[in-house]
Amino acid sequence: MRRLRTILITIALVGVTAGSADAQCTASGAPASCSQAGSASMTAGRVVRLQMSAGSTSLTAPTTADFDAGFNSSTGPTLTVSANAAWTLDIRAASAVWTGTNTATGVAARTNKPASDLKWSTSSGGLFSALSATDANLINGSATASSATTLYFQTVYDWALDTPGNYSLSVVLTLTSP
């Protein structure tokens, strides 16, 4: 048993000595100096980050003028993307309809308000697109330390359909680096 242990220790020491031989240098005399070249390597994968200025947005409550116009506008969060490669940010509704909660006695909140009643844009005066349960391209870009975009919303209202209630709709943002 002792002989087997001695053999294993000897093999281990030979392995350590053989592996470290490439990283040795010797110097003698005065002044003595020894330099040894080495290297380091790494693999950097794709890294993306999405930061939002707020996790939720309280949409502007509609007024009579908003119902007459058929919509009102709200400013959403600022979205900041950091990525070390090309990236794409998509937007979609988590469901096809809003969740409605009753707030007035005898009046039921609308349970079939479509997700498309919330429109989005990256410009307050720009073209607004109806939200759906399918991903739509919001923005895209190349490698960047910080690309900020503000999200704007328009909420569609109808006198005959949009009854009193509290309404909510989850919005999903998906950042990918293909």
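The side chains of Lys 113 and Asp 162 meet in a salt bridge, with N and O 3.0 Å apart; the term salt bridge stands for a side-chain nitrogen of Lys or Arg within 4 Å of a carboxyl oxygen of Asp or Glu. Lys 113 lies in the loop between strand E4 (99–101) and strand E5 (118–121), and Asp 162 in the loop between E8 and E9, so this pair ties together parts that are 49 residues apart in sequence. Helices (H or I, at least four residues) and strands (E, at least two) are DSSP runs, numbered from the N terminus. The structure is a predicted model, in which local features need pLDDT of at least 70 and side-chain atom pairs count only at pLDDT 80 or more, while totals for chains, interfaces and linings use all residues. Residues are numbered from 1 along each chain as its sequence is written, and side-chain values use heavy atoms, with hydrogens and water left out.

How accessible is Lys 113, buried or exposed? Lys 113 counts as buried, at 2% relative accessibility, and Asp 162 is buried at 10%. Here buried means under 20% relative accessible area, exposed means over 50%, and partly exposed covers what is in between (1.4 Å probe, protein chains only). Salt bridges that share partners join Arg 110, Lys 113, Asp 117 and Asp 162 into one network. Within it, Lys 113 also forms a salt bridge with Asp 117, the closest N and O atoms being 3.0 Å apart, and Asp 117 is buried, as is Lys 113. The charged end of Lys 113 has an aromatic neighbour too: it sits over the ring of Trp 98, 5.6 Å from the ring centre. A charge is said to sit over a ring if NZ of Lys or CZ of Arg is within 6 Å of the ring centre and within 35 degrees of the ring normal.

The whole structure holds 5 salt bridges. One of them pairs Asp 135 with Arg 92, whose closest N and O atoms are 3.5 Å apart. Asp 135 is partly exposed at 39%, and Arg 92 is partly exposed at 26%.

Aromatic rings come next. There are 2 aromatic pairs, where rings of Phe, Tyr and Trp (its six-membered ring) pair if their centres lie within 6.5 Å; planes under 30 degrees apart count as stacked, over 60 as edge-to-face and the rest as tilted. Phe 67 and Tyr 157 form a tilted pair, 5.3 Å centre to centre with 45 degrees between the planes. Phe 67 is in helix H2 (residues 64–69) and Tyr 157 in the loop between strand E8 (144–156) and strand E9 (166–168), 90 residues apart. Phe 67 is buried at 14%, and Tyr 157 is buried at 13%. Finally, 1 disulfide is found, a disulfide being a pair of cysteine sulfur atoms within 2.5 Å. It joins Cys 25 to Cys 34, with 1.3 Å from S to S.
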